[in-house]
Amino acid sequence: AVASSGAVLEELDLSDNAFGPDGVRACTGLLTSDAGRSIQVLKFHNNGLSSAGGEILAKALESSRCPDSERAALRVIVCGRNRLENEGATALAQTFEKLGTLEEVSLVQNGINAEGISALATSFSANTSLRYLDLNDNTFTAEGGNAMAAVLPLLTILEFVNFDDCLIRDAGVEAIASALEDNCGRIREIHFAFNEVSVGAGLRLLRSLAKKPAVDYININGNEFGDAGVDQLTVLAESLGCSDALQTMSDDEGGEEDEDEDGEEDTSISELQDADSSGAVTSPDSSKASLSPCKPDDDLSSQIENLSLAQ
């Protein structure tokens with residue numbers, strides 16, 4: 001009915017409806033009609049599209065270009081939580097490259113790995129007006145990180161980047177940091193949380209933002225910096241003048257040094273628990289520490305005190 005009504009749509013939001021590929025197919029007539037060709041903002045978020053639905057949507061969007069115009073109207077696409085996977089993402093990427101008009105892209109939590117991420121990165125090179133890019137909770141790895149790094153210098157007005165929980169790891173983050181260093185001067189908000197990044201790559205990323213006066217939000221929480229690494233990053237942020245932008249790292253998952261310390265602590269606790277049950281502790285070096293057999297009424301705290309005195 002809308003397709004033949006003579007309406008001129010600017011935004012279509014069908015998010016959070018579980019219509020799947022069949023629902024997208026049913027929308028094809030609208031998207032390719034005169035009413036649909038004017039759509040600037042399209043939101044198909046959490047619709048259960050799957051890769052098949054992504055491919056159907058890609059074909060419909062490609063056909064929606066006005067025949068008498070060199071440019072499509074679409075500026076914003078939100079298509080997260082749809083299990084697009086590589087096939088659906090690649091199909092959309094091919095269409096994005098032909099459209100060339102995108103300013104905001106959100107494809108979060110779609111099961112896309114390096115192959116699909118690389119295809120999307122290539123498509124962004126034809127969409128240089130991109131300001132907002134959210135691909136969180138997909139799987140980049142270093143391959144996807146390198147592909148994204150290659151296109152970033154072309155995205156001169158990019159303001160928002162969310163690559164949280166994308167398994168980018170050190171190699172991918174360092175490649176992206178290198179690309180950001182002298183590019184993307186308008187970056188305002190950047191997310192790289194929960195990416196299994198060590199402190200060296202984290203420091204490199206922070207330094208790449210040193211010449212970005214607009215940056216007011218940096219999220220690198222949940223990585224593997226360790227306590228000492230968190231301190232280093234905090235000090236660097238202060239020296240670069242971006243400490244207010246740097247968000248908490250309270251969910252840091254620790255570095256190798258922290259893991260070693262945890263292991264030593266666990267060993268000590270285990271030894272004391274053994275002592276509580278058996279009445280004695282056998283120290284790795286019996287010449288330095290030992291406990292006499294426990295009396296039945298001895299408790300763990302008295303054993304700890306005896307151990308401290310012996311040491």
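A: Start with burial: a residue counts as buried when its relative accessible area is under 20%, as exposed when it is over 50%, and as partly exposed in between. This is a predicted model. In it, Phe-163 and Phe-192 are both buried.

Q: How are Phe-163 and Phe-192 arranged as a pair?

A: Planes over 60 degrees apart count as edge-to-face. The ring centres of Phe-163 and Phe-192 lie 5.7 Å apart with the planes at 80 degrees, so this pair is edge-to-face. Phe-163 sits in the loop between β6 (160-162) and α6 (169-181), and Phe-192 in the loop between β7 (189-191) and α7 (199-208).

Q: Which residues do ring pairs link into a cluster?

A: Phe-140, Phe-163 and Phe-192.

Q: How many aromatic pairs does the whole structure have?

A: A search finds four. One of them joins Phe-19 and Phe-44, edge-to-face, at 5.8 Å centre to centre and 75 degrees between the planes. Phe-19 belongs to the loop between β1 (11-13) and α1, while Phe-44 belongs to the loop between β2 (41-43) and α2.

Q: Is Phe-19 buried, exposed or partly exposed, and what about Phe-44?

A: Phe-19 has a relative accessible area of 23% and is partly exposed. Phe-44, at 1%, counts as buried.

Q: How do I read the packing of two helices?

A: Two packed helices are described by the angle and the distance between their axes. Here the axes of α1 (residues 20-31) and α2 (residues 50-63) come within 9 Å and cross at roughly 5 degrees. Angles under 35 degrees count as roughly parallel, and α1 is therefore roughly parallel to α2.

Q: Which residues make the contact of α1 with α2?

A: From α1, they are Pro-21, Val-24, Arg-25, Thr-28 and Leu-31. From α2, they are Ser-50, Ala-52, Gly-53, Ile-56, Leu-57 and Ala-60. By type, the contact has seven nonpolar residues, three polar and one charged.

Q: How does burial apply to a whole helix, such as α4?

A: Count its buried residues. In α4 (residues 114-124), nine of the eleven residues are buried, so the helix is largely enclosed by the rest of the structure. Among them are Ile-117, Leu-120 and Phe-124.

Definitions and conventions:
Residues are numbered from 1 along each chain as its sequence is written. This is a predicted model: local features need pLDDT of at least 70, side-chain atom pairs count only at pLDDT 80 or more; totals for chains, interfaces and linings use all residues. Side-chain values use heavy atoms; hydrogens and water are left out. Axes are lines fitted to C-alpha atoms, for helices over the stretch in contact, and angles run from 0 to 180 degrees between N-to-C directions. Helices (H or I, at least four residues) and strands (E, at least two) are DSSP runs, numbered from the N terminus. Angles under 35 degrees count as roughly parallel, over 145 as roughly antiparallel, 65 to 115 as roughly perpendicular and the rest as oblique. Contact means heavy atoms within 4.5 Å. Ala, Val, Leu, Ile, Met, Phe, Trp, Tyr, Cys and Pro count as nonpolar, Asp, Glu, Lys and Arg as charged, and the others, Gly among them, as polar. Buried means under 20% relative accessible area, exposed over 50%, partly exposed in between (1.4 Å probe, protein chains only). Rings of Phe, Tyr and Trp (its six-membered ring) pair if their centres lie within 6.5 Å; planes under 30 degrees apart count as stacked, over 60 as edge-to-face and the rest as tilted.
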